[in-house]
Structure formats: structure tokens, C-alpha cells
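Subject: Structure handover

Hello,

Here is the structure I said I would pass on, with the sequence alongside. My notes on what was found in it follow below.

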Amino acid sequence: MLDIDFVVRSKRRNISDRVENAWRHEQKSPARSWPVIRDLPSRVRGEFARRRPDTQATERGIHPGVPQAVSKRKRGPRMSKFTVPGLSDDQGARVADILQKRLSAYNDLHLTLKHIHWNVVGPNFIGVHEMIDPQVELVRGYADAVAERIAALGKSPDGTPAAITRDRTWDDYSVHRDTAQAHLGALDLVYSGVVEDNRKAIAETGDLDPITEDLLIGQTGELEKFQWFVRAHLENSGGSLSTNGAHSEKQAASQTR
Ligand SMILES: [Fe+2]
């Protein structure tokens, strides 16, 4: 008579052995282990996925043969063993942290500007559609300059989408297909947020690193000029802005529409 317990125990041991074997392959050669893991029976593969710490990354399509711990090691530490001359390592790290927030704000801003470029409709479409693109290029350039400054300061700049959502204190731009006036109203608030945060960063870096302060001052001046372009569409002959008192992009858009 068939000993069911024995069969179950054997199967469990078999699964366990194969999972162990896959683990050994992965630890020895992460890049080559995926064919081994892929060819496992689905039950064994499921057990393997449950035991490894990186299941979520697998679901998101990251190479399943590379465990998270290895990915982190490959990425290396965030700080180098140097910073710019004249700053202590701590000062360099502090300035780089301030700039990381600016990098994420600029990456968010140039994506938002493109979103507006694509979603603006109605009268004055072409004027606003074309006014936005040079600003996109400018802000992308600022993101590049800030990221390179972070690297010069000895830190690894984080330009990923995850960094944008991690570093920002605001939600995604909330206006979709809408008129030129509505977008310009919402954009006025977007620029106010970016410029205010830039000014805080300028104040913080002033004592620490005048080179970074100078970089941010130049960028902020240009951003304020573009906000003036935007506001010129929202201003009446009495000098008042139609966005006055608005606390959200949607509110600014409806006041302006
Ligand atoms: Fe375009």
C-alpha cells in the first residue's frame, strides 16, 4: 500500500532541494541563474519566489535572477569618499541632499510642462503649446546641471521616477485636457511652489557653498522670468492676477478658465 506521508515528505524534500539548488545558482552567478529558475516546475518556482526577498521586483519585471541584495551592492554606496575642495564631507553631503530635492523638483517640472504642452486646447493653443517647449529644454538642462553638481559633491544623483515621488511634497499636476487659460492658471501655482522651494534652498546653501548658491540663483531668476510670461496672460489692466487666492491647481484653473 502507498505510504502517503512518505510521498508527501519526499515531495517536500524534493522541492526544498531544488529551491536550495536554485538559490546556490543565484548566489554564485545572479546573471546566469534565470534559465535555471525559469525551468523549475511552477510549484518549485513559487516556493523559490516566496523565499527570496525580491518577489515584488520580479513582478515588476526586474531581472528575476538578481536578488535585491546583489542589486544594491552593484549600485554602490550613495556617497563617494570625496567632496569638492574646501567643504567637509558632512557639508558636501548636506548640500548634495538639498540639491537632490531640487533635482526631483526639476524632473517633475519638465514632465509637467510636457503634459501641459500635450493637453492644452482651445483658443491660444499654439501660443501656449509653443511657449512651453523652450522652458522644458531649459528645465531639463537645470536638472542636468544640478545632478552633475551632486556628483561633483561626491553623492550619487537619483534621477529615477521613484526619487521624484519620494522627494516631493506635492501631488501630480491635476489638470488634464483643458483650455490655455486654465493650464496657465494652474501653472502659475506650480511655478510659485518651485520658486519658493528654490529660494529656501538658496538661503540654506548661502552659508555652506556659494558655488551651489550661485547655480540656484541663476536658475531661479530664469524660472521667475518664465512665471512672468505665464502671469502676463493672467493679469488684468489693474495689475491683479486671476489666480489670486487660489490654493490648488484646480482652483486656479477654474478661476482663470
Ligand atoms: Fe511637441
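**The core and the helices around it**

In this predicted model, the largest nonpolar core has 38 residues, and those with the most contacts inside it are Leu99, Leu103, Tyr106, Ala143, Val146, Ile150 and Ala186. At least two residues of this core come from each of α6, α7, α9, α10 and α11 (249-256). The largest share is that of α6, with 10 residues.

Leaving aside neighbours within four places in sequence, isoleucine 150 is in contact with Ala96, Leu99, Gln100, Leu103, Lys155 and Pro157. Leu99 and Leu103 are also listed with Ile150 among the core residues with the most contacts.

**Helix α10**

Helix α10 covers residues 210-232. Its 23 residues should span 33 Å at 1.5 Å a residue, and this agrees with the model because the end C-alpha atoms are 32 Å apart. The buried residues of α10 are Thr212, Leu216, Gln219, Thr220, Leu223 and Val230. The buried residues of α10 pack against α6 (89-119), α7 (125-152) and α9 (180-208).

**Glutamine 251**

Which helix holds glutamine 251? Glutamine 251 lies in α11. Glutamine 251 counts as partly exposed because 16 other C-beta atoms lie within 10 Å, whereas a buried residue needs 20 or more. Glutamine 251 and alanine 186 are 65 residues apart in sequence, yet their C-alpha atoms are 7.9 Å apart in space. Ala186 is one of the core residues with the most contacts.

**The chain as a whole**

There are 11 helices and 2 strands in the chain. From the N terminus on, the elements run α-α-α-α-α-α-β-α-α-β-α-α-α. Of the 257 residues, 29% count as buried. Among contacts with a separation of 6 or more, 71% are between residues 24 or more positions apart.

**Confidence**

The mean pLDDT of the chain is 83, and 70% of the residues reach 70 or more. Over residues 53-74 the pLDDT is below 50, although this stretch has 24 contacts in the model beyond near neighbours in sequence.

Regards

Terms used. Residues are numbered from 1 along each chain as its sequence is written. This is a predicted model: local features need pLDDT of at least 70, side-chain atom pairs count only at pLDDT 80 or more; totals for chains, interfaces and linings use all residues. pLDDT is the predictor's confidence in each residue, from 0 to 100. Two residues are in contact if their C-beta atoms, placed from the backbone, lie within 7 Å. Helices (H or I, at least four residues) and strands (E, at least two) are DSSP runs, numbered from the N terminus. The expected span of a helix is 1.5 Å times one less than its number of residues. A residue is buried if 20 or more other C-beta atoms lie within 10 Å of its own, exposed if 12 or fewer, and partly exposed in between; C-beta atoms are placed from the backbone. A nonpolar core is a set of buried Ala, Val, Leu, Ile, Met, Phe, Trp, Tyr and Cys residues joined through C-beta atoms within 7 Å.
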